[in-house]
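Work through the exercises below with the sequence and the model at hand. Try each task before reading its solution.

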Amino acid sequence: MMHGRPKNLLIGFFTVIVTLGVSPAKAQDIWDNLKAMPQTLGVEKGFLEVETTDFKIKLVKDAGTVASLIPKSDPSFDYSPFEHLDKRGGNGLYQLGDINLRIKSDASREWKAYSSAGNRHTVDSVQGTEHTLSATNLANTFPEDFPLEIIRYWEERNDKLILRFEITNRTDQSIWIGGLGLPLIFDNILHHKSLEEAHHQKVYFDPYIGMDAGYLQVSRLDGNGPVLLVTPYEKTPFEAYRPLLDDPTPRSVTFEGFHEWQIYTQAFTDDEWQGVSPWNSPHSKTLKAGESMEIGLTFSIGDKIRNIEEKLIQEGHPVAIGVPGYVLPQDVQGKLFLNYPAKISSIEIYPKGSLTVHKEKSKDADWSGYTIRGEKWGRSRLTVKYKDGTLQTIQYKVIKPETNVLNDLGNFLTNEQWYENPDDFFDRNHSVISYDYEERKKVLQDRRVWIAGLSDEGGAGSWLGAMMKQLVAPDSKEIDKLEQFVHETLWGVIQYKEGQFKYGVKKSLYYYEPDSMPQGTYDKNIDYSTWAAWSKKDAYSTGRSYNYPHVVAAYWVMYHLARHYEGLVDREVWDWYLNQAFESSLAMVEQAPHYAQFGQMEGSVFLYLLQDLQLEGWTEKALALENIMRKRADIWESLDFPFGSEMPWDSTGQEEVYMWSDYFGFDIKAEVTLNAILAYMPTVPHWGYNGSARRFWDFLYGGKISRIERQLHHYGSALNAIPVLKAYRDHPADLYLLRVGYAGMMGAMANITQEGFGPAAFHSFPNTLKIDPLSGDYGSGFYGYAVNNGAYLYKDERFGWLGFGGNVSHKKDEVSLRLTTGAKNAVFIAPTKAWVTTKAGKIMSASYNEKTKAVTLELTGDKHTPLAKIMVEAEGYHVEGDFELEGGMLIVPLALEETKQVVLTYGN
């Protein structure tokens, strides 16, 4: 998240916060400067207006590029940034219909770049066909010595809008095309928009970088239809997705930037992408003298996001569905289902041996089924070759078994990131502090003071991750250190323990005041000249609400460890921690009322806390917390899109907004929130984008490689998975929700290194494609994993029984799911909507009898869990046997190293 003393531009229900060192006035100047550029596109000469079955289109007459792209199914909406065309008409400003190339000839050793956007001149019309809407020769936009002839066609074929290019080598020598890209210009510019305007008028787009099977989905921010699909025309593989960083349109928290569909990338891997492992193998094309080729894109309309795959199948496009997703623990037996009219000729794996693939008998003849096992840790590419020449790539990330990942993470956090220094000037002794994985050292100074200050997401992320790890995989040695942290650093240092600010949470322990500190305290090589270098007064402010959920979550975890386990916590009794969580929750609203009106990241912890207060019979405090949260939810209910934050648009408040809307029965608001989440949280056959909630600015505030960039599995993925999986459990037939939610939850595991380091996110730019070296705000995402960890048993008409978080076996009427989740504390049986969770004790397996509907659980414990404490939400079920009930929990004695069976019987 963004941090600090914002300069305010009030826009609807939120405040625009700008990037480091850039004021709103300066940001506006950049837009003014853009408008002041010579406008060479020719907008003043008018438009060519054409129609297809799906679209009303305006083409700039002089340029032949798209000015407006309106779906006929919703004439009020425009996929193109038409409102900015008066400012975006200069050279270098990309339009839909442009083309970028890198080429070389026999006589040249160097790749040379060309772009139709670089030097605008009026293009000449040429003769088309009966399909043609517009045909233009782009020669005037290229230098006279440009060796290629490029004719661009806008066409309608089979009721589809087509953008097609014919490229001809007009020389007497061969030309190598090593870079070929088509800019994808759609209206994701949120500049000066209210939340209502942004959700109704703007789009985000997500790629499936899958070669011939690739596509781009362009979704409205409100998540409603129609949805625009961009697919290849003929042989136009989606080899890479390149950011157009040379486009002068100001990139900021209100504009992620534009990208292009790259068809060939060899020139880039030879140059600025050297040393980077790309998503797909790079290719180039040789055009002999006089030879021609054609490429293009198809634009079509789908009715809604959930039906994208069905639409693609209707269009004869390859579709892949992976279960449980594309982040694959090594102990999970994954499934892959492929749908395409042509038969499969081969499947290849890169690196060799990283995956094993076995063909399965398909239940549905339209689908080919495979079992997938992850063998070697790291990225893996599965390439499917079809007999018609179509190539499809599917990107997997193989990780260790979840239990092992948790052990690695806990060990790294409480050892490599454990900070001890009783003489620390900023009182950070006994803490889990930020870490630079590249430098292999703790981060004790940063120009963004919160990174080194143990608060804010960027500074609290590491200790929050360490705390949440104990919720799902408690370790006594790690807990010993975290008890020190809670009682010596959190309570009384990060959080005030007395006075008028009691229970208030500071924005940062680290601050920049060179005049009040000993000489040499601050590294002279660090730039402390920006607003992010807070003074002590600013750092010690308690007015930022987003810092409170981290603290509440820490106390809440300690409550669980003290209440439901034996011998893990001894500094205080369980009710002290529960009360600390309660008081800290109230303090957020009292001391940080402005930002508390918004949904908080990890804000679901307040709901979980309320449920525990109710469970413990703390009626008065439960009512007090519920009433405060109801007041916040009433505000959200009154707004169309209550997703404000420190940012003009955000993807973190939705988590809490949905959970409280659902709790208080605001069903319409819950649905609005869920739809908005699904708009920025896609499901595609690529581990980096599947379930990856959109975020593009937090590398500025929590990363080492600091820039505006689509972040893959930033903390928003796992946080947004909380409402998505809650919605799924309420609608257990909706496989789409399960796939998206589970992918988002596993996003928190995807980027953890083999050693256990948790980074801020993964860099998506093709010249990087690696994790950020800074731990940053990782912990907020791990919170989403920890509170949402569960296994799911689902029966699909096409694919049969499916397991998410476990391996399925089927014998006669009995279907078993052996859990592979890190926590092994929750399982959902979809056919009967049975949700079983444990406060203590592990669920090793769950079996479901299709005939009797009985559910059998196998439970185990250890020396700290002599009792399993089980919560059962299953209408029509009762428990066989005589077990004690305590506060709504089923108490099951567990003998060490033995398995206990509990049977839930359906009916009388």
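**Exercise 1.** Which residues does F426 touch, not counting residues up to four places away in sequence?

Solution. This is a predicted model: local features need pLDDT of at least 70, side-chain atom pairs count only at pLDDT 80 or more, and totals for chains, interfaces and linings use all residues. Residues are numbered from 1 along each chain as its sequence is written, and side-chain values use heavy atoms, with hydrogens and water left out.
- Step 1: find F426 in the loop between β28 (418-419) and β29 (431-432). Strands are DSSP runs of E, at least two residues, and helices are runs of H or I, at least four, both numbered from the N terminus.
- Step 2: look for contacts, meaning heavy atoms within 4.5 Å.
- Step 3: read off L509, Y510, Y511, M517, T521 and Y522.

**Exercise 2.** Decide whether F426 is buried or exposed.

Solution.
- Step 1: take the cut-offs. Buried means under 20% relative accessible area, exposed over 50%, partly exposed in between (1.4 Å probe, protein chains only).
- Step 2: compare. F426 has a relative accessible area of 3%, so it is buried.
- Step 3: turn to the whole chain. Buried residues make up 65% of its 908 residues.

**Exercise 3.** Describe helix α9 (residues 548-564).

Solution.
- Step 1: α9 has 17 residues.
- Step 2: its first and last C-alpha atoms are 24 Å apart, close to the 24 Å expected at 1.5 Å a residue. The expected span is 1.5 Å times one less than the number of residues.
- Step 3: 16 of the 17 residues of α9 are buried, so the helix is largely enclosed by the rest of the structure.
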